Amino acid sequence: VRVLERTVQKLKSACPRVIIGTSPDESLFLPGVEIFTDLVPDYGSLAGLYTGLKQAKDYVFAAASDMPFLNPELIRHMIEIADGWDAVVPKPGGLYEPLHAIYSQTCLPVMEELIQRGERKINKCYDRAKVLSIEDDVIDSFDPRRPSFFNINSPEDLARAEKIVSEQI
């Protein structure tokens, strides 16, 4: 199973709708997944999140496509407590995880402004948003070993992920 397919499986078990933003040159098909070309080409994860929020009706859970060990229970908990917040963002070890977070439509104007200014960091939205931080104690109650936040950025990470999967079987 490809990393993206595993990530989508985890998302489908927690979210009623899965949307993926892709670059214009990327051809992708996954059953039961809505795929949209990024509205701001070649701009990275902020553009993907912006594209997803534009397609959604209210909130989105944003995750990187290379996060194969998302925890559906943690995601569902975040969804349950999101009402009234612009963003719900885990903060393991005191550092925000912007690509394991929930965002509201209310973030769109700030994102548009960031994009117009050439800013690419999602967490720059937090300065002007009502953010609920998910602290270590809550994270640990759902995901004590924290594989949810593991992503694959290198061949070594991929080998580690394959080892984790083989140990789970």
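Reply: Contact here means heavy atoms within 4.5 Å. Keep in mind that this is a predicted model. Leaving aside neighbours within four places in sequence, S13 is in contact with P72 and R76.

Me: Where does S13 sit, and why is S13 called partly exposed?

Reply: S13 is in the loop between α1 and β1. Buried means under 20% relative accessible area and exposed means over 50%. S13 comes in at 39%, so S13 counts as partly exposed.

Me: What makes the pair of S13 and K10 a polar contact?

Reply: The cut-off for a pair of N or O atoms is 3.5 Å. A polar atom of the S13 side chain lies 2.8 Å from the backbone oxygen of K10, so the pair falls within that limit.

Me: And how far is S13 from E26, in sequence and in space?

Reply: They are 13 residues apart in sequence and 25 Å apart in space, going C-alpha to C-alpha.

Me: On to helix α4. Which of its residues are buried, and how do you know that they line one face?

Reply: α4 covers residues 108-117, and its buried residues are L108, V110, M111, L114 and I115. Seen down the axis of α4, these fall within an arc of 160°, so they line one face of the helix. As background, an α-helix has 3.6 residues a turn, so residues three or four places apart point the same way.

Me: What do those buried residues pack against, and what is on the face turned away?

Reply: They pack against α2 (45-55) and β5 (100-104). The face turned away from the buried side carries Q116 and R117, both exposed. Just after α4 comes G118, with a positive phi of about 85°.

Me: Now the largest pocket. What is its volume, and which residues are closest to its centre?

Reply: The volume is about 990 Å³. Of the 38 lining residues, I19, I20, F61, A62 and A63 are closest to the centre. The elements giving two or more residues to this lining are α1 (3-12), β1 (19-22), α2 and β3 (59-63). By class, the lining has 23 nonpolar, nine polar and six charged residues.

Me: What makes up the lining of the second largest pocket?

Reply: That pocket holds about 340 Å³ of space. Its lining has 14 residues, with F69, R145, P147, I164 and Q168 nearest the centre. They divide into five nonpolar, two polar and seven charged.

Conventions:
Residues are numbered from 1 along each chain as its sequence is written. This is a predicted model: local features need pLDDT of at least 70, side-chain atom pairs count only at pLDDT 80 or more; totals for chains, interfaces and linings use all residues. Side-chain values use heavy atoms; hydrogens and water are left out. Buried means under 20% relative accessible area, exposed over 50%, partly exposed in between (1.4 Å probe, protein chains only). Helices (H or I, at least four residues) and strands (E, at least two) are DSSP runs, numbered from the N terminus. The arc is that of the directions from the helix axis to the C-beta atoms. On a 1 Å grid over the protein atoms alone, a cavity is a set of points where a 1.4 Å probe fits but cannot get out, and a pocket is an open set with protein on both sides within 12 Å along at least five of seven lines; lining residues have an atom within 4 Å of a point. Grid points are joined across faces, edges and corners, and a volume is the space filled by probe spheres set on the points. Ala, Val, Leu, Ile, Met, Phe, Trp, Tyr, Cys and Pro count as nonpolar, Asp, Glu, Lys and Arg as charged, and the others, Gly among them, as polar. A polar contact is a pair of N or O atoms within 3.5 Å; within protein, one must be able to donate a hydrogen and the other to accept it, and residues adjacent in sequence count only if both atoms are side-chain atoms.
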